[in-house]
Amino acid sequence: MKTTLLTLTLIFSFGISQIVEAQTPIKNQPVGLQNSLIVNQITQNTETITIGKAADLITQWLNAKSKIFASPFDRALLGDLTTGVLYADSLKGINFLQENNAYYQYGVQKIESIERFAASGNKATIEVKVTEDTTLYKNGKIIESSFNTKLVRYNLEYWDGIWKIANSQVMS
């Protein structure tokens, strides 16, 4: 049991995305079913997210915004990428845009740099500098336009077997 716990501790500390049980046989000590059950329960709970996967999720979100916040206002795509506060707020935004005959159009959207990243269990946070070219239209006329780079913090959660963006906050 001590060997198994040591192995699991090392695997967690090195951030391996899949847990593999490796046991060193000890003379006259049977390998119990209980050890295997513990490892199986741990691996089924959460898939580890890497900094690369987190950045890819943010890039997917940036690229999807033009389909989510403009006709046909893709709510299914929104649900694939978001959860929690961001999902609820975005649905309200879509409804507001539709009721006011408005939509967003996006030009350049890209991650300039990753400033910070941390993950623990089913939650992760990534701060990125994002450049966005955004134009808001109402009744076919430009209402507002911006092109800037901002530091944005995204809170991610592992939900229904996939990582999603739960919230975002512009830091500067």
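This is a predicted model: local features need pLDDT of at least 70, side-chain atom pairs count only at pLDDT 80 or more; totals for chains, interfaces and linings use all residues.
The protein chain has 172 residues, and 30% of them count as buried. Its secondary structure comes to five helices and four strands. The order from the N terminus is α-α-α-α-α-β-β-β-β. Contacts across the sequence were also counted. Among contacts between residues at least 6 apart in sequence, 53% join residues at least 24 apart.

The pairing of the strands was examined next. Strands β1 and β2 run antiparallel and are joined by 15 bridges. One of these pairs links Ala 118 with its bridge partner Thr 125 in β2. The hairpin of β1 and β2 has two residues between the strands, and Gly 121 in this hairpin takes a positive phi near 60°. Strands β2 and β3 also run antiparallel, with 16 bridges between them. Here Thr 131 has Thr 149 of β3 as its bridge partner. Two residues lie between the strands in the hairpin of β2 and β3, where Asn 139 takes a positive phi near 50°.

The largest pocket holds about 570 Å³ of space. Its lining consists of 21 residues. Lys 65, Tyr 106, Glu 132, Lys 150 and Val 170 lie nearest the centre of the pocket. Helices α3 (51–68) and α5 (84–99) each give two or more residues to the lining. So do the strands β1 (102–120), β2 (123–138), β3 (141–159) and β4 (162–170). The largest share, six residues, comes from β3. By class, the lining has 10 nonpolar, seven polar and four charged residues.

Glu 132 sits in strand β2. Its relative accessible area is 17%, so Glu 132 counts as buried, the cut-off being under 20%. The side chain of Glu 132 makes a polar contact with the side chain of Lys 65, at 2.9 Å. Both residues are among those nearest the centre of the largest pocket. Beyond its neighbours within four places in sequence, Glu 132 is in contact with Leu 62, Lys 65, Tyr 106, Val 108, Gln 109, Ser 146, Phe 147 and Asn 148.

The loop between α3 and α4 (75–81) contains Ala 70. Ala 70 is buried, because its relative accessible area is 9% and the limit is 20%. The C-alpha atoms of Ala 70 and Tyr 104 are separated by 5.7 Å, although the two residues are 34 apart along the chain. Ala 70 touches Tyr 103 and Tyr 104, with residues up to four places away in sequence not counted.

Backbone geometry was considered last. Most residues other than glycine have a negative phi, and most peptide bonds are trans. The peptide bond from Ser 71 to Pro 72 is cis, with omega near 15°. Pro 72 is found in the loop between α3 and α4. Phe 73 lies in the loop between α3 and α4 as well. The phi of Phe 73 is positive, near 55°. Phe 73 counts as buried, at 9% relative accessibility. Asp 160, in the loop between β3 and β4, has a positive phi near 50°. Its relative accessibility is 71%, so Asp 160 counts as exposed, the cut-off being over 50%.

Technical notes. Residues are numbered from 1 along each chain as its sequence is written. Side-chain values use heavy atoms; hydrogens and water are left out. On a 1 Å grid over the protein atoms alone, a cavity is a set of points where a 1.4 Å probe fits but cannot get out, and a pocket is an open set with protein on both sides within 12 Å along at least five of seven lines; lining residues have an atom within 4 Å of a point. Grid points are joined across faces, edges and corners, and a volume is the space filled by probe spheres set on the points. Ala, Val, Leu, Ile, Met, Phe, Trp, Tyr, Cys and Pro count as nonpolar, Asp, Glu, Lys and Arg as charged, and the others, Gly among them, as polar. Buried means under 20% relative accessible area, exposed over 50%, partly exposed in between (1.4 Å probe, protein chains only). A polar contact is a pair of N or O atoms within 3.5 Å; within protein, one must be able to donate a hydrogen and the other to accept it, and residues adjacent in sequence count only if both atoms are side-chain atoms. Contact means heavy atoms within 4.5 Å. Two strands pair if DSSP finds at least two bridges between them.
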